[in-house]
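The sequence and structure come first.

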Amino acid sequence: MMTVLVCIVRRDLLVATRRRADVLTAVVFFAVVVSLFPLATTPDAELLRNIGPGVVWVAALLSSVLTLPRLFSVDHTDGTLDQMLLSASPIGAIVSGKIIAHWLTAGLPLVVLSPVLALQFDLAPGAMLALTSSLFLGTPVLSLIGAIGAALTLGARGAGVLVSLLVLPLYVPVLVLGTGLVNAAGAGLDTSAHFMLLTAMIVSACVLAPWAVSTALRGAA
Amino acid sequence: MSDAKLLHARSSVFRYASPVTFFPLAGKLSRLCGVCAPLLICVGLYIGFFVAPTDAQQGEAYRIIFIHVPAAWMSMFIYVVMAFWAAAGLVIRTRLSGMMALALAPTGALFTFIALWTGALWGKPTWGAWWVWDARLTSELILLFLYFGFMALHASIDDSRRADKAAAILAVTGLVNIPIIYFSVKWWNTLHQGASVSFTNAPTMAASMFTGMMLVTVGFWLYSIAIACVRVRSLILEREGSSPWVAAYLRKQS
């Protein structure tokens, strides 16, 4: 089972390196959206410090949604997904592998980029660290929940817009806890509760999401 | 109960899992509930608007409670029932379950919208704002989005069995998420500011207020059953269009 998982992750990463534009587009989108907010409001440092965490988080959510359709649709179109589902390997491992690869290509770059964007919003070093760690814990949940949406909309009409309607409401708890962590860190409060709840979300999503994705994919294929 | 009796009781309930047998039952239910619902709602609203005493703190504005609270209860209750049918469809794979879930969704969305709208109308005179980012309001808004997502997903997949299945997975995912959303939002709100209005500290309710609210709630509940049955009947006719009994039924109607 682990071999299947590792194999799928390596294969998807290889595909991603061959189509670098797909990965880069989402990262650039993230950076552009974040940079637009100071232009839309004011360059006032006090205000930017307050809205910064929320803006970065919302941009991460949108960027994640943007990358979701490519999670299964390319493999679905050329028939690879059908072959994977027909194979003897456990479908849960295949799905988990694809989700991990999605996080590595769509989530991790945002985590790495976030300290730079935090500078734009004049965040203190403590808040910057909190932002990066909250994204590090939160983006896997986004990939896990998003995969459910991506699997459900596979082959549906207008899948791109639909997936955002399905997935964004389900992202609310992650958004609340993620920004809550940064705000609490900025205010000098104890953040261990946020860390624990975000970790709890990863754990429960790891258990439930692959099952839901597998069920949805079996229905779609 | 003996095994034979149990088997009989089970078969008599599961008999209605088939669209053919459920179709006439849904017709009877929709007529019965469709007559009772307006009566109960009218009596409940009469008690609410003319019999119930004026609230000491909120004046007459509180009277929207007789629509607002039943609608809010129904919005959540219908989602649970919808997710139940969706889960039943996933587990025992009856055709009717998916249709039931689909038939309930628009009514649930309607009650959610009514709850939000009347809440805004109530909030303006009492809190001085159409909208506050209270945990309940925010969760109710997200509930509305979940209903929209369910209906949009179902509408975008042409094959009805596949659409049922996909929408069912979404409904169950939403059900798991609703408590998490509620508590996260509640926590988020209390982290930033104290709740501006506390529902729990409200003065205990007069008996006539409670009666009115309950009558409207039961009325809304019967309305939901009636309208869902009407919708299920249409769905059955649409999907079973090729079967002989539908053809016979339609000939009899025309």
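In this predicted model, helix 2 (residues 20–40) of chain A packs against helix 6 (residues 91–120) of chain A at an angle of about 30 degrees, and their axes are 10 Å apart. Angles under 35 degrees count as roughly parallel, and the two helices, helix 2 and helix 6 of chain A, are therefore roughly parallel to each other. The crossing of helix 2 of chain A past helix 6 of chain A is right-handed. The residues that make this contact are listed by helix below.

| Helix | Residues in the contact |
|---|---|
| Helix 2 of chain A | A:V23, A:A26, A:V27, A:F30, A:A31, A:V34, A:S35 and A:P38 |
| Helix 6 of chain A | A:T105, A:A106, A:P109, A:L110, A:L113, A:L117 and A:Q120 |

Of the residues in this contact between helix 2 and helix 6 of chain A, 12 are nonpolar, 3 are polar and none is charged.

Between the chains, 22 residues of chain A are in contact with 23 residues of chain B. On the side of chain A that touches chain B, two or more residues come from each of helix 7, helix 8 (159–167), helix 9 (172–186) and helix 10 (192–220) of chain A. Helix 10 of chain A gives the most, with 6 residues. By type, this side of chain A has 16 nonpolar residues, 5 polar and 1 charged.

The largest nonpolar core contains 139 residues, and those with the most contacts inside it are A:I145, A:A151, A:A216, B:M82, B:A101 and B:L153. Helix 7 (residues 125–152) of chain A supplies the largest share of this core, 15 residues. Leaving aside residues up to four places away in sequence, B:M82 touches B:A101, B:L104, B:A105, B:G108 and B:A171.

Technical notes:
Residues are numbered from 1 along each chain as its sequence is written. Chains are lettered from A and ligands numbered from 1 in the order in which they are written. This is a predicted model: local features need pLDDT of at least 70, side-chain atom pairs count only at pLDDT 80 or more; totals for chains, interfaces and linings use all residues. A nonpolar core is a set of buried Ala, Val, Leu, Ile, Met, Phe, Trp, Tyr and Cys residues joined through C-beta atoms within 7 Å. A residue is buried if 20 or more other C-beta atoms lie within 10 Å of its own, exposed if 12 or fewer, and partly exposed in between; C-beta atoms are placed from the backbone. Helices (H or I, at least four residues) and strands (E, at least two) are DSSP runs, numbered from the N terminus. Two residues are in contact if their C-beta atoms, placed from the backbone, lie within 7 Å. Ala, Val, Leu, Ile, Met, Phe, Trp, Tyr, Cys and Pro count as nonpolar, Asp, Glu, Lys and Arg as charged, and the others, Gly among them, as polar. Axes are lines fitted to C-alpha atoms, for helices over the stretch in contact, and angles run from 0 to 180 degrees between N-to-C directions. Angles under 35 degrees count as roughly parallel, over 145 as roughly antiparallel, 65 to 115 as roughly perpendicular and the rest as oblique. A crossing is left-handed if the near helix is turned anticlockwise from the far one by less than a right angle, and right-handed if clockwise.
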